[in-house]
Amino acid sequence: MHTLEAEYRELHQAGVVDGVTASRAIALDDGSLFPVFGELRFALYAAVAAITTGVGMLFKANIERIGPWTLIGGLGLAAAGCYGAAIRSRLRGEARSIGGDYVLLLGALILSADLGYAESQFHWLGPQWSWHLLILAGWHAATAYALNSRLVLSVALTSLAAWFGVDARAETLFRDGSSLRHSGCEALLCSALIVAWRTAHRRLRGVAEFDEVFDHFAANVAFWGALALSFGADTRAAGTLLLLAIAAVAIGKGLRNRQEPFVVYGVGYTALGLCVLEAQLLRDGLATAVFGLATVVLAVVLLWRLHAQLKPDSP
Amino acid sequence: MFARPSAEQERWMAAAARLGVSRDTPWLAERIGGWKAAGTFTRGALFALGVVAAGLSVAIAALLHVPGPFLVAGLALVAVAEQLIERRRLFGAGVEEALEVVGLLLIGFALVDGSGTAFEIRLALALALALLAAGLRFLNPLFTTLAVATLSFALDLIVSTLEVGALSRAVIVAVFCFAAAAVALGLGAARLRRPAHDAMLDWLVVAMPVAGYLWLEGRSASALAADPRQHLSVASAVAIAMPALFGALSLRGGIRRRRHAPILAGMACAGCVGYALRHVTGLALEVRLIVWGSAALVLALALDRYLRTPRAGITSRDVGLGKDALGLLQLVGAGALTPSATQPPGAPFKGAGGGFDGGGASGGY
């Protein structure tokens, strides 16, 4: 074990940190205050992941035995129970704990699985079956706002992206031709919609904690779309220009607001895109490796310089 | 001999990082001695870029038909890394760690004689040594943990040359892993100067029991495949007993010492035991996932409620010092669990998965 109590006390005496911060740091250091928040969060996530994975497998394995309506009804009740706990807390004016957050997330995930299963069984939406994802996105967005949950907002944005056809798997970036161009455009459209949503959210003075969720989703979906376009033969130029433009916006935002992840997105995605572009255009192993190395070295230098402009030790 | 922050400088760097204090503060800057590190996110990105750069360097050396490309590239990478540390005062920035660890691994690979018997054993030992050297050079817990894990591979290869059965072989390697974790758990009680030494021990406490269980689990599956009638073979019993015993010890130690790593190790061991119990319960996988997941959920909720009021200082509230670094990961995790339909109607529905798949605005893709 180590303790930094002496350092904390010196920092306080030197006036670098205030007394409250120093006291809390010392309490955390010597164990007189010991939060197990992190451990609980890990356990809750593992539990939710296990349950939702089991639910998905339950559908596939037991549809003939149990019957669709029994499954739909049972899971619907389970989801309702999860939502009910969160609604009760809200009505009582109580702050929801980390456990309550994950129970609500579980309810949202079970509901998503339930509706998807019902649609796949009864084809209520016919050929427009994928619109159930948009319905889910709307429902989750509404409940995220009503119950003030960033986790459920993440589920809403993921469902929205899925409806747009955004595929986060790396191998799909290397598909051929029109399907790649199509999915790249859809991803950019999705990102634009998320940005518009965020703008409306801010104008209407929505919950400040939601901004970060919108920003990260919009940035990553936009970069994914730009990469998809830059990897396509007939959209390469436009895609690369878009990639550089989005990177400039992300880096600018990261520097302005001291948000390190956006600087990393800007440099990292651009380096990836340029390296793949070089491999596609040069077609000579040695030249590709040399240009690739130069690109990566430049990316490292740029990222380090930009990092130096930010507050050190930001997470 | 090798430039790196002194114990006192490292302690100031750690204190500044935990309190979110800028290192440019003059009062602090003179105590840190000009050493530069990066936050977790940037460090990870720089490490990834460093690994790519190292790989491309090796590729260039090979394409230029440089004699002994691995050795040459390895030495060059280590030299560049040391220059970054010496001249730029980088330590914990990610890129110098990536260059040096890849360089040392390449040197280790190049120096192992490919001819003769026991090549795999020598290679495993060389790689373990390279990782250990990198870990001690950079005080990096990831490298030291990988070194010990690689050593378990080397031990498995050594034992395979002896005339022991598959189960005994797995038990020997698993005992090594659990013993390494136990030693780390014991040493963790000592008062250490460097925070990095604590981190190295913590990583071993969490990772090595899981590694030991995986060694046992692999052999257990083989044993059951050989004799399916046995629902609780010796291998399964050992696979349950070892993580259960270590998990209980580490959980107790973590609560007593107020340390997070042993508690996480206890939780990981509980997961291993839960998985190993499948031979006893005989339930279908989806039922086990739902039952164990629900049990874990109920337990976590109960603990959350019980510890909302601090008990002997232990609380479930988030009372940390700064910004929640794992908050972003939490959002990604929620998105990753979101189910999305990938098949048109009529096909079997695919539930929660590890990524999101497009449904397509037009219904097709």
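In this predicted model, Leu188(A) is found in helix H8 of chain A, which covers residues 177–203. Apart from its neighbours within four places in sequence, Leu188(A) is in contact with Ala222(A), Gly225(A), Ala226(A), Leu229(A), Leu242(A) and Ile246(A).

Chain A as a whole contains 12 helices and 1 strand. In sequence order, its elements follow the pattern α-α-β-α-α-α-α-α-α-α-α-α-α. Along the principal axes, the C-alpha atoms of chain A fill a box of roughly 60 × 60 × 40 Å. The domain assignment divides chain A into domain 1 (1–34), domain 2 (37–164) and domain 3 (171–315). Between the centres of domain 1 and domain 3 of chain A, taken over C-alpha atoms, the distance is 39 Å.

Helix H1 of chain A, residues 5–13, holds both Arg9(A) and Glu5(A), which lie 4 residues apart, about one turn of the helix. The side chains of Arg9(A) and Glu5(A) form a salt bridge with an N to O distance of 2.7 Å. Over all chains, a search of the whole structure finds 18 salt bridges.

For chain B, the domain assignment gives domain 1 (125–274) and domain 2 (277–310). The centres of these two domains of chain B, taken over C-alpha atoms, are separated by 24 Å.

The two chains meet at an interface in which 107 residues of chain B are in contact with 110 residues of chain A. The size of an interface is often given as the accessible area lost when the parts come together. Chain B and chain A bury about 9400 Å² between them, and 72% of this area is on carbon and sulfur atoms.

Side chains of opposite charge can pair when their charged atoms come close. Across the interface of chain B and chain A, 2 salt bridges are found. A salt bridge links Arg18(B) to Asp29(A), with the closest N and O atoms 3.7 Å apart. Polar contacts between chain B and chain A amount to 20 residue pairs, counting pairs with both residues at pLDDT 80 or more.

On the side of chain B that touches chain A, at least two residues each are supplied by helices H1 (7–19), H2 (26–32), H3 (40–63), H9 (195–226), H11 (260–276), H13 (285–306) and H14 (327–337), and by strand E1 (314–315). H3(B) provides the largest share of this side, 13 residues. By residue class, the side of chain B that touches chain A consists of 59 nonpolar, 30 polar and 18 charged residues.

The chains are also joined through strands. Strand E1 of chain A, residues 34–35, is connected to E1(B) by 2 bridges, and the two strands run parallel. Within this pairing, Pro35(A) has Thr315(B) of E1(B) as its bridge partner.

Technical notes. Residues are numbered from 1 along each chain as its sequence is written. Chains are lettered from A and ligands numbered from 1 in the order in which they are written. This is a predicted model: local features need pLDDT of at least 70, side-chain atom pairs count only at pLDDT 80 or more; totals for chains, interfaces and linings use all residues. Side-chain values use heavy atoms; hydrogens and water are left out. Domain bounds come from an automatic or database domain assignment. Contact means heavy atoms within 4.5 Å. Buried area is the accessible area (1.4 Å probe) that two parts lose on being put together, summed over both. A salt bridge is a side-chain nitrogen of Lys or Arg within 4 Å of a carboxyl oxygen of Asp or Glu. A polar contact is a pair of N or O atoms within 3.5 Å; within protein, one must be able to donate a hydrogen and the other to accept it, and residues adjacent in sequence count only if both atoms are side-chain atoms. Ala, Val, Leu, Ile, Met, Phe, Trp, Tyr, Cys and Pro count as nonpolar, Asp, Glu, Lys and Arg as charged, and the others, Gly among them, as polar. Two strands pair if DSSP finds at least two bridges between them.
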